[in-house]
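Visitor: I would like to go through this model with you. Could we begin with the side chains and then turn to the backbone and the pockets?

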Amino acid sequence: AQYKNPFLKLALWVALRGGRVDPPDRTNVARYLTVLVVTRRNQSAAEVAVRSLQYVCWLNGWNSLSSAPCCQIPMEAAKRAFAGPTKKASPLEAWMVVAIVRASIDGSLWKRMYAWSILAAFMCLGRYSDLCRLRFDSGYFEVHAWGIRFFLDKRKPDQQYKGQWIDVARNEMAAVAFDGFSAVDELLAARVALGSVGPILR
């Protein structure tokens, strides 16, 4: 259903100009896509037309045109002319993490655990998959005078699966900037509250 109308428009445009439709000639396809780019002035019109043509080619056993220059050049031109900047979510900032942890202080244990999990992932520059492996067990967590260490036995950047130690150091300047908030002290409090063993996120 999604390919029917885009292909019929292409076929009608080609047929009205005396071209073959079964299968369409590459030159006519290139002209049609160029007209689409110029008149519709968006990135998706040519892509939708090419996808519908590809589907009809597959249905009928015709040679694929989707990777041919007649299709690629107009699509690339539309991308360059009309694509907007990549939209990304705003990054999580340190003050936001501090606010999340402070907001959970008077909450139930699961709310505090959730806030500590966000803090641990933020301090370890971790993905969600890393957060799921952060634990307080012996061999996975160490306390030192300068801060704490987490051991990740598996991590996406660690292609050899050797494991990585990640240090979270005490930072007096950060503590001053955030009104005495210390990530190390919070994570040590999390360890005590969660029984000194097991994962941070549970």
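Visitor: Which residue lies over the face of Tyr-140?

Guide: In this predicted model, Arg-135 lies over that face, at 5.9 Å from the ring centre of Tyr-140.

Visitor: And how many aromatic pairs are there?

Guide: The count comes to 8 aromatic pairs. One of them joins Phe-136 and Phe-141 edge-to-face, with 5.1 Å centre to centre and 85° between the planes.

Visitor: Are Phe-136 and Phe-141 buried or exposed?

Guide: Both Phe-136 and Phe-141 are buried. Elsewhere, ring pairs link Tyr-3, Tyr-55 and Trp-58 into a cluster.

Visitor: On to the backbone. Which peptide bond is cis?

Guide: The bond from Asp-22 to Pro-23 is cis, with omega near -10°. Pro-23 belongs to the loop between helix H1 (4-16) and helix H2 (26-40).

Visitor: What is phi at Asp-179, and where does that residue lie?

Guide: Phi of Asp-179 is near 55°, a positive value in a residue other than glycine. Asp-179 sits in the loop between H8 and H9 and is exposed, with a relative accessible area of 68%.

Visitor: What about phi at Leu-125?

Guide: Leu-125 also has a positive phi, about 50°. This residue is in the loop between H6 and helix H7 (128-131), and it counts as exposed at 75% relative accessibility.

Visitor: Now the largest pocket: what volume does it have, and how many residues line it?

Guide: The largest pocket has a volume of about 210 Å³ and is lined by 16 residues. Nearest its centre lie Met-123, Ala-174, Phe-178, Phe-181 and Ala-183.

Visitor: And the lining by class?

Guide: The lining has 13 nonpolar, 2 polar and 1 charged residues.

How values were computed. Residues numbered from 1 in each chain as written. Predicted model: local features only at pLDDT ≥ 70, side-chain atom pairs only at ≥ 80, totals over all residues. Heavy atoms only, no water. 1 Å grid on protein atoms, 1.4 Å probe; cavity = no way out; pocket = protein on both sides within 12 Å on 5 of 7 lines; lining within 4 Å. Points joined across faces, edges and corners; volume = space filled by probe spheres on them. Nonpolar A, V, L, I, M, F, W, Y, C, P; charged D, E, K, R; others polar. Phe/Tyr/Trp six-rings, centres within 6.5 Å; stacked < 30°, edge-to-face > 60°. Buried < 20%, exposed > 50% of the residue type's maximum accessible area, 1.4 Å probe, protein only. Lys NZ or Arg CZ within 6 Å of the ring centre and 35° of its normal. Helix = DSSP H or I, 4+ residues; strand = E, 2+ residues; numbered from the N terminus.
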